[in-house]
Amino acid sequence: MSDKPAPAAPQQSRASAKKELPEHFRGYKHVWVFVELERGEVHPVSWELLGAGRKLADQLKVDLAAVVLGAPGEATRKAVNESFFYGADLAYLVENPILGDYRNEPYSKAVTQLVNTHKPEILLLGATTLGRDLAGSVATTLLTGLTADCTELAVDADGSLAATRPTFGGSLLCTIYTLNYRPQMATVRPRQLPTPVRDETRTGRVIEFKADLDEDAIITKLLKFIPDRESAKSNLAFADVVVAGGLGLQSAENYQLVRNLATVLGAEFGGSRPLVQKGWISSDRQIGQTGKSIRPKLYIAAGISGAIQHRVGVEGADCIVAINTDKNAPIFDFAHIGIVTDAIRLLPALTEAFRKRLSPENADRLAG
């Protein structure tokens with residue numbers, strides 16, 4: 001008989017922990033989507049999130065609610081009605097002149113007061129500049145978990161939110177659970193999810209909420225609004241056709257081939273992260289996990305290997321055409337059409353072919 005002590009039982013891992021919710025959180029129900037309204041315009045990511053939220057709510061057999069904050073007025077009320085068209089069953093409306101322009105403190109207070117009063121099970125926000133700022137403050141105040149920059153949202157067998165996002169520098173995808181806290185919070189980047197079909201026949205109920213806000217108690221003041229002159233520099237996220245290049249193009253001079261093809265197609269142009277690091281393109285043209293997510297009808301990727309960092313930003317495209325000399329490049333695993341050749345030789349030929357095909361003479365002939 002050995003005198004050695006018995007080995008300690010292995011600690012239970014986080015992944016295998018039992019998802020048993022504390023009693024005081026069991027009354028939290030329904031799926032909420034924060035509708036990002038700024039200067040009278042709703043960010044399109046809000047409608048994308050309502051589409052995802054609709055699926056989650058249907059699986060959980062609960063309501064889908066829109067959360068609309070803003071100054072009293074037509075734009076705020078219009079955002080409420082639009083939320084019904086995109087799938088919401090009800091809308092929580094918080095109108096207050098203090099909420100006319102985004103400031104972290106009043107918005108965080110209004111959302112946390114609303115959550116503490118009406119107790120949602122899931123709260124989704126867009127991973128925009130505004131949404132990321134607000135989500136972090138709300139999660140910290142509520143002492144709950146937040147999964148940022150998700151690429152996929154689902155509900156598992158026991159009804160918990162399964163939020164998937166890239167990790168370890170984008171080399172892996174992991175699914176994260178908020179086990180014993182509520183609400184379960186997640187942000188999703190624009191264009192990561194499809195926009196649901198708009199249905200103007202849908203209506204819903206409005207629950208007005210009076211947030212306890214005092215302008216004198218808010219430290220930050222808005223002195224002047226100065227639009228960002230560079231904000232409309234590129235329209236990658238919402239373009240129908242995008243042409244992009246990677247290190248396979250070998251030089252900044254060769255990248256001009258991408259721009260030439262984009263010009264002929266009336267498309268946007270972009271590239272992978274290494275091109276930004278080399279200074280070949282500006283950061284607003286970067287496509288992928290740390291750049292823009294896109295959902296074009298056609299995406300042409302020239303000389304891009306297609307690592308997971310890039311994949312998560314483009315796999316929502318209707319048609320991906322990959323051009324690469326390496327037949328084993330990861331991009332061929334998810335491209336719809338793969339061409340194993342040198343992009344430097346193929347791009348000029350494609351450009352000329354499209355130029356002839358799309359010439360005014362051919363356009364008139366095809367229309368006839």
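Student: How do you know which residues can be described?

Tutor: In this predicted model, local features need pLDDT of at least 70 and side-chain atom pairs count only at pLDDT 80 or more, while totals for chains, interfaces and linings use all residues. Residues are numbered from 1 along each chain as its sequence is written, and side-chain values use heavy atoms, with hydrogens and water left out.

Student: Why is Y255 called buried?

Tutor: Buried means under 20% relative accessible area, exposed means over 50%, and partly exposed is in between, using a 1.4 Å probe and protein chains only. Y255 has 3% relative accessibility, so it counts as buried.

Student: What makes α5 a helix, and which residue is found there?

Tutor: Helices are DSSP runs of H or I with at least four residues, strands are runs of E with at least two, and both are numbered from the N terminus. Helix α5 spans residues 252–265, and Y255 is found in it.

Student: Which residues is Y255 in contact with, leaving aside its neighbours within four places in sequence?

Tutor: Contact means heavy atoms within 4.5 Å. With those neighbours left aside, Y255 is in contact with G245, L249, F269, G270, G271, L275 and I281.

Student: How do you know that β13 and β14 pair?

Tutor: Two strands pair if DSSP finds at least two bridges between them. Strand β13 (residues 241–245) and β14 have 4 bridges, in the parallel sense. A244 stands opposite G270 in β14.

Student: Why are β14 and β17 said to stand at the edges?

Tutor: Their sheet is open, with 5 strands in the order β14-β13-β15-β16-β17 and parallel pairing. β14 (268–271) and β17 (337–340) each have a single partner strand, so one side of each is left without a neighbour in the sheet. The twist averages 15° from one strand to the next.

Student: What lies across β15, β16 and β17?

Tutor: That is helix α8 (residues 343–357), which runs at about 135° to β16. Axes are lines fitted to C-alpha atoms, for helices over the stretch in contact, and angles run from 0 to 180 degrees between N-to-C directions.

Student: Which strands form the sheet of 7 strands?

Tutor: The order is β7-β11-β6-β1-β4-β5-β12, again an open sheet with parallel pairing. β7 (146–150) and β12 (205–208) are at its edges, each with a single partner strand, so one side of each has no neighbour in the sheet. Its twist averages 25° from one strand to the next. On this sheet packs α1, touching β1 (31–35), β4 (64–70), β6 (122–126) and β11, and its direction makes about 175° with that of β1.

Student: What makes a space a cavity or a pocket?

Tutor: On a 1 Å grid over the protein atoms alone, a cavity is a set of points where a 1.4 Å probe fits but cannot get out, whereas a pocket is an open set with protein on both sides within 12 Å along at least five of seven lines. Lining residues have an atom within 4 Å of a point. The search finds 1 cavity of 30 Å³ or more, and the largest cavity is lined by L93, E95, E208, F209 and K210.

Student: Which element gives the most to the lining of the second largest pocket?

Tutor: α1 does, with 6 residues. Of the 22 residues in that lining, the closest to the pocket's centre are T151, E152, L153, Q192 and L193.

Note on methods
Points joined across faces, edges and corners; volume = space filled by probe spheres on them.
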